[in-house]
Amino acid sequence: MAAEFQQQAIALAKQQSVLGWLTAAREQGQSAWQSHAWPTRKTEAWRYTSLLPVENEQWQLSDAASDALPQTALSELIEIDAYRLVFVNGQLNAELSSELPATLVSFADADADQQAVIQQHLNQVADQQTHLFTALSTSLLQQGVLLHLSKNQRLEKPVYVAHINDKANAKVTNARLLIVLESGAEAQVVEHFFSTDDQDRGWINAVTECSVGANASLRHHRINLESEQALHTGSVHVALAESARFNGFTLANGSRLKRIDYHIKHLGSGSDLQLNGIYLPRHKQRVDYHTCVEHVVPHCTTTEVFRGVIADSAKAVFNGRIHIHQDAQKTLAEMSNRNLLTSDQAQVNTKPELEIYADDVRCAHGATVSQLNDEALFYMTSRGISEAEARVMLSFGFVNELVEGVELEALKQWLRPRIAHMFGQTDQLTRHIIHE
Amino acid sequence: MLTIKDLCASVEDKEIIRQLSLEVKPGEIHAIMGPNGAGKSTLGNVLSGRPGYEATSGTIDFKGLDLLDMDPEIRAREGLFLAFQYPVEIPGVSNMELLKAAVDARRSHTGQPELSAIDFMKMAREASKAVDLDQSFLKRGVNEGFSGGEKKRNEIMQMMLMEPSLCILDETDSGLDIDALQVVARGVNAMRSPDRSFIVVTHYQRLLDFIVPDYVHVLANGRIVKSGDKSLALELEAKGYSWLEDEVA
């Protein structure tokens, strides 16, 4: 069954028309993809998330939208003054995209120098021997985006990469983003995935690689709000050089299958990682975050905070691992995962892991699973607030701190009402947590 | 305003209030005093509708309505307010959000137009000033990291904004220093009016120096064992509660 699906993907790869200079990378990817043992329920990394939705489908390659996108689709784009690249069903849509600076280019438009940068960096940060779906991404590599800032370069505006799926059929879309920041460079990036069709049954496999040079700083946001029928497998790989900073934020609803991996390596001393995440599955959705932070060298810091509100009969998985290598003395690492179950059927499997091989480090981790606080509910209803609205306010309150922590003001303003509406579907229930 | 007749109430099947009757007319301040375990806090909780506090018999009429038949939020919208003995901390929900939701709910229930965000902000600022809370408290999580005194002042601020017709203060004086006590009392006294009533539940007479009651009731073993005017509070202060318990027994 499994091997069968791996073969299916290779057959799909053969149907693609490909940029010649990517052929070598694709071949490496395909060989890595085929050498992976297909995960079973006994495979630790996939213990709580079934790949059946991927296996039980005859996938086709996605193609560009045949018709113009409905206006409602465009209104779902984040209102942010940014360099914007919009992909519709995996194809770059020039009309919806903005003018781009020379440092930001789609793979298809890359000049010889940029092609060299891509070839040099691709799969250097992401390890496709470890990450199954990164190998798939490289196997199917065709479209992609490169952001390459040279020494001390700083973009005037954030980069906004949107992936819209608008088909209600089983198409597979491959997305790839490569960010290379040379020393001292600074960038802000927003990746946004969504469906225009509630019945979107597409699958997007999205890999982001970030090489953050010495003293460089990357603020990265990944917003996953596809239809609940859609599948998403994705990963964000980050390598931090000396005194580099990565500030990550991620938000996801759930769907039939949604699996997002973060793999971050501190490779230069003095580097700093802040990673915040929110997952909000409801109905029968599934969401699975796996994070792995490796401290390879001394004097680096990690602060990781994930919070989930799991409603109805949804299921969430959080597996956060911090690995302190033998040489990584003076590491400061903290990880916290808090979960709120708002129904009796909701489930979460949380597993924070610390693996420490150095002896002079300060590390802490914690995970909690709780329900809505009855005392707080009564306090609010005793102030005249309906129980339904109180539940929405308390659910939002559980993640509010992380929403408020989003520094990109336009994104924060955009997020608030959308998150609120995941907890309460009417304005009556959300109006007191959405302020102008 | 409020008529309690032969109320019996239980918590976890244990009877705490036994055959309690009380009449509070508009504009009156009633103090309920009594030793620990007498049922003082239970009375406030039954009145506000806290889950787990069950009225097993008797009736409570609130402004012509059957109070026991109403959910807590409806009681609040009708104008009943309980200032908590232990206000709850709610991180992530700001004081301002809670207050606006509360006041909107009360106003729309009583057919008053909703306040604009700006008008409400003005009102909230004034209220916070009146209880000596810095405006920054409006933006903080509800009671999050507040000191004991700040929590109690926050309760009074909520009460001012809700403009209730019946205010129940559940041991609002506990844990307050004399300055905070005066702030609380000033807030309450500023709210006194001919159509607003207060039930002040307290263990000590001290609060009643500042909030002067029309009636003082002594609660023991779940029933009112003695009622009088404010001089009863002074007598209790001097003699303690035991003589009353003996007298009843």
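Start by selecting Glu355(A), which is partly exposed at a relative accessible area of 25%; here buried means under 20% relative accessible area, exposed over 50%, and partly exposed in between, with a 1.4 Å probe and protein chains only. You are looking at a predicted model, where local features need pLDDT of at least 70, side-chain atom pairs count only at pLDDT 80 or more, and totals for chains, interfaces and linings use all residues. Residues are numbered from 1 along each chain as its sequence is written, chains are lettered from A and ligands numbered from 1 in the order in which they are written, and side-chain values use heavy atoms, leaving out hydrogens and water.

**Stop 1**

The term stands for a side-chain nitrogen of Lys or Arg within 4 Å of a carboxyl oxygen of Asp or Glu. Glu355(A) sits in strand β19 (residues 347-356) and Arg321(A) in strand β17 (residues 315-324), 34 residues apart. Helices (H or I, at least four residues) and strands (E, at least two) are DSSP runs, numbered from the N terminus. Arg321(A) is partly exposed too, at 23% relative accessibility.

Next, select Asp81(A) and Lys157(A), whose side chains meet in a salt bridge at 3.4 Å, N to O. This pair joins the loop between α4 (71-75) and β2 (83-88) to the loop between β5 (145-149) and β6 (159-165), 76 residues apart. Asp81(A) is exposed at 56% relative accessible area, while Lys157(A) is partly exposed at 27%.

**Stop 2: covered places in chain A**

Color helix α6 (residues 132-139) of chain A: eight of its eight residues are buried, Phe133(A) and Leu136(A) among them.

Then pick Lys171(A), in strand β7 (residues 171-181). Is Lys171(A) buried or exposed? Its relative accessible area is 13%, so it counts as buried. Show what it touches (contact means heavy atoms within 4.5 Å): beyond residues up to four places away in sequence, its contacts include Trp59(A), Asp63(A) and Trp203(A).

**Stop 3: where the chains meet**

Now show both chains. Here 23 residues of chain A are in contact with 32 residues of chain B. Select Phe378(A), Tyr379(A) and Arg383(A), which supply 38% of the area that chain A buries against chain B, more than any other three residues. Together the chains bury about 2100 Å², 61% of it on carbon and sulfur atoms; buried area is the accessible area (1.4 Å probe) that two parts lose on being put together, summed over both.

How many salt bridges lie between chain A and chain B? The count is five. Zoom in on Arg431(A), which is partly exposed at 29% relative accessible area. Arg431(A) pairs with Asp104(B) at 3.8 Å, N to O, and also with Glu114(B), the closest N and O atoms being 2.9 Å apart. The second pair runs from the segment after α10 (427-430) of chain A to the loop between α3 (95-109) and α4 (117-130) of chain B. Glu114(B) is partly exposed at 40%.

Finish this stop by selecting Glu404(A), Glu409(A), Lys412(A), Arg416(A) and Glu97(B), which are linked in a network of salt bridges.

**Stop 4: chain B**

Of its 249 residues, 56% count as buried. Among its contacts between residues at least 6 apart in sequence, 69% join residues at least 24 apart.
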